[in-house]
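Below is a colleague's note on the structure shown here.

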Amino acid sequence: MPEILDIWQCIGCGRIEEVPQTCIGVCRTVKRPLVDLDDFRALSAELDAARALAERYALVLRLIAASTPRADACPAHWHALQLRARAALAGTAVQDSGAPAR
C-alpha cells in the first residue's frame, strides 16, 4: 500500500505548502492527500487488471442467468457453461462451437 502524505494546498492559486507561487489574492488552504506517482501507477494497473477479470466473470454470470437449455440438452448446456467459466478463470477465450444459442 502506498504511503499517503497530507499536504496543504491553496484553492485559489494552487500553491503547495512552501513552494513559491504567485498568489491571486483569494488564498485559502485545504488539506490534500498526496501519493508517489509510481505507487499510483502500480495501483492503477492492478485496478485495471481486476476490472478486466470482473468483466470476464460478469459475462459468464450473464450467460448463466439468461440461458435456458432444452430438456434434452441440459448436460451439453452445463458442459458449455463450465467451459466458459473455466476460460474466464484462466483468462483465455472460448472457441465458439458454431451451435446456435437457445
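**Notes on the model**

1. R51 is partly exposed, because its relative accessibility is 47%, between the 20% and 50% limits. Please keep in mind throughout that this is a predicted model.

2. R51 has a charged partner: it forms a salt bridge with D48, and the closest N and O atoms are 3.8 Å apart. That distance falls within the 4 Å cut-off, so the pair counts. Both R51 and D48 belong to helix α1, which covers residues 37-66. They are three residues apart, about one turn of the helix. D48 is partly exposed as well, at 43% relative accessibility.

3. How many salt bridges does the structure hold? The count is two. R70 is partly exposed, its relative accessible area being 40%. D72 is exposed, because its 63% is over the 50% limit. As background, side chains of opposite charge can pair when their charged atoms come close.

4. On the cysteines, a search of the whole structure gives zero disulfides. A disulfide would need a pair of cysteine sulfur atoms within 2.5 Å. Is C10 buried or exposed? C10 is buried, because its relative accessible area of 3% is under 20%. C74, in contrast, is partly exposed, with 38% relative accessible area.

5. Which residues make the nonpolar surface patch? They are I4, V35, L37 and F40, and the patch amounts to about 370 Å². I4 sits in the segment before β1, the strand of residues 5-10. I4 is exposed, because its relative accessible area of 54% is over 50%.

6. T29 lies in strand β2, which spans residues 29-34. At 36% relative accessibility T29 is partly exposed. Leaving out residues up to four places away in sequence, T29 touches W8, Q9, C10 and R15. One of these contacts, C10, is the buried cysteine of point 4. T29 and G14 are 15 residues apart in sequence, and their C-alpha atoms are 9.0 Å apart in space.

Key
Residues are numbered from 1 along each chain as its sequence is written. This is a predicted model: local features need pLDDT of at least 70, side-chain atom pairs count only at pLDDT 80 or more; totals for chains, interfaces and linings use all residues. Side-chain values use heavy atoms; hydrogens and water are left out. A salt bridge is a side-chain nitrogen of Lys or Arg within 4 Å of a carboxyl oxygen of Asp or Glu. Helices (H or I, at least four residues) and strands (E, at least two) are DSSP runs, numbered from the N terminus. Buried means under 20% relative accessible area, exposed over 50%, partly exposed in between (1.4 Å probe, protein chains only). Patches are made of residues with over 30% relative accessible area and no salt bridge: like charges are joined within 9 Å, nonpolar side chains (Val, Leu, Ile, Met, Phe, Trp, Tyr) within 5 Å. Accessible areas come from the Shrake-Rupley method with a 1.4 Å probe; for residues, only the protein chains shown count as cover. Contact means heavy atoms within 4.5 Å.
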